[in-house]
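Subject: Handover of a structure for your review

Dear colleague,

Please find below the structure that I am handing over to you. My notes on what was found in it follow directly after.

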Amino acid sequence: MSLISLLSRSNSRLLLVFLHKSPISVNLLETKVVLNSLQYSKTTSGMKSVYVTRPDVASIGIDLLKKECDVSSWSQAVPVPRDELLRQVVGKDAIYCALTDKIDSEIIERAGPQLKCIATISVGYEHIDVAECKKRGIRVGYTPDVLTDATAELTVALLLATSRRLFEANKEVYNGGWKSWAPDWMCGQGLKGARVGLFGFGRIGQEIAARLVPFKPSKLTYTARTERTTEAVKLNAERVSFDEMLCESDFIVACCALTPETKEIFNTDAFKKMKSNAIFINSARGGVVDQTALCAALKDKRILGAGLDVTTPEPLPLDDPLLKLDNVVILPHIGSADVNTRIEMSRITALNILAGLKGEKMVAEVSI
Ligand code: DGY
């Protein structure tokens, strides 16, 4: 019997042991190709196999998976290296991933035809090639809703920290810059009477708006592909064009998904249209901004300031020009970083996988 037919009839793990111990000389390249192309929908335990790309997700999710599946995971609390991910997904039925993992056609192809579902512990899923998943009938789970409040809360905190210069002022306390109270020192821009534009008016955009209302802005506006009449009426928000938002807002908050349409939509042209007192906040994705253009606008004081929870790349290199500016506040993508939210995100990701493997309804499935 040829090696190939032997491999294709047998259990992969036993064969690997056999190949390892056997004195028979095998063509290693051939063996590797054969092993990579063999797909097993069941582990030796008979359970479905799930690869988790991080060991540091809340254990509730992993415990749920372990009850029904054979679970393996990357061992370090940093993103799994690409070559390791390529190795580990082979033969897996499901992948539990994070936004730091690029799940493209190469990974999907390498996993094999038994791959049934991919679930990400995030609301954003631009790191997953959903077109490829659709082609192969792979279901994709994500975690909307559960992180809406945490992200909206963080966005408002970032907006206030930027507009009222909290980090700049705090530094002065420690570096001796605080000499005395002074009437014109550390003055920022308040929200009362300001015009606030929300670029994106989905779940998170609406919750940001709701949290801003008590600060008494003069007007809330939003851009969205479709009119959100019911939601807008509740918040007294008006739908405007992107240009109108750029030209008239004192605060502009990006809280949209990253799509081909929104990619680098905040570019030189957009920053030129903004008011000189405009404050730009981004808790969406770094990719919606042309960062070189933003840096120039901040440096030339064409806009007043920016607050960014997301950048390109992440992490931002320590020599990035943005880090040299005083009128920008940068956070390390912590929008959903609230303990209970992250626990719930882990649980939902696991439930999505279990449902995906059983062909049942996921808690939240990307419609592709
Ligand atoms: C997401 O879920 O997409 C956020 O950016 C991180 O939680």
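**Two prolines in one loop**

Pro315 lies in the loop between strand 11 and strand 12, where helices (H or I, at least four residues) and strands (E, at least two) are DSSP runs, numbered from the N terminus. Pro313 is also placed in the loop between strand 11 (305–308) and strand 12 (328–330).

**Basis of the model**

This is a predicted model, in which local features need pLDDT of at least 70 and side-chain atom pairs count only at pLDDT 80 or more, while totals for chains, interfaces and linings use all residues. Residues are numbered from 1 along each chain as its sequence is written, and side-chain values use heavy atoms, with hydrogens and water left out.

**Overall composition**

The protein has 15 helices and 12 strands. Of its 368 residues, 46% count as buried; buried means under 20% relative accessible area, exposed over 50%, and partly exposed in between, with a 1.4 Å probe and protein chains only. Among contacts (heavy atoms within 4.5 Å) with a separation of 6 or more, 62% are between residues 24 or more positions apart.

**Positive phi values**

Most residues other than glycine have a negative phi, and most peptide bonds are trans. Arg165, in the loop between helix 8 and helix 9 (166–175), has a positive phi near 55°. Arg165 counts as partly exposed because its relative accessibility is 25%. Lys301, in the loop between helix 14 (291–299) and strand 11, likewise has a positive phi, of about 55°, although it is not a glycine. With a relative accessible area of 58%, Lys301 is exposed.

**Helix packing**

Two helix pairs are described here. Helix 4 (residues 59–68) and helix 15 pack with their axes 7 Å apart and at an angle of about 25°; axes are lines fitted to C-alpha atoms, for helices over the stretch in contact, and angles run from 0 to 180 degrees between N-to-C directions. Helix 4 and helix 15 are therefore roughly parallel, given that angles under 35 degrees count as roughly parallel, over 145 as roughly antiparallel, 65 to 115 as roughly perpendicular and the rest as oblique. Their crossing is right-handed; a crossing is right-handed if the near helix is turned clockwise from the far one by less than a right angle, and left-handed if anticlockwise. Helix 4 contributes Ile60, Gly61, Leu64, Leu65 and Glu68 to the contact, and helix 15 contributes residues including Ile343, Arg347, Leu351 and Lys358. The residues of this contact divide into eight nonpolar, two polar and three charged, where Ala, Val, Leu, Ile, Met, Phe, Trp, Tyr, Cys and Pro count as nonpolar, Asp, Glu, Lys and Arg as charged, and the others, Gly among them, as polar.

Helix 8 (residues 148–163) and helix 10 (residues 203–212) pack at about 50°, with their axes 8 Å apart. At that angle, helix 8 is oblique to helix 10. The crossing of helix 8 and helix 10 is right-handed. Among the residues that make the contact are Thr148, Ala152 and Leu159 of helix 8 and Arg203, Ile208 and Leu212 of helix 10. The contact of helix 8 with helix 10 comprises six nonpolar, three polar and five charged residues.

**Buried residues**

Asn352 is in helix 15 (residues 339–358) and is buried, at 0% relative accessibility. Beyond its neighbours within four places in sequence, Asn352 contacts Ala119, Gly141, Tyr142, Met362, Val363 and Ala364.

His127 belongs to the loop between strand 4 (117–120) and helix 7 (130–136) and is buried, at 8% relative accessibility. Although His127 and Asp101 are 26 residues apart in sequence, their C-alpha atoms are 6.7 Å apart. Asp101 is also one of the contacts of His127 outside four places in sequence, which include Cys97, Lys102 and Thr120.

**Cysteines**

The count of disulfides (pairs of cysteine sulfur atoms within 2.5 Å) is zero. For Cys69, the nearest cysteine sulfur is that of Cys117, 8.6 Å away. Cys69 is buried at 4% relative accessible area, and Cys117 is buried at 0%.

With kind regards
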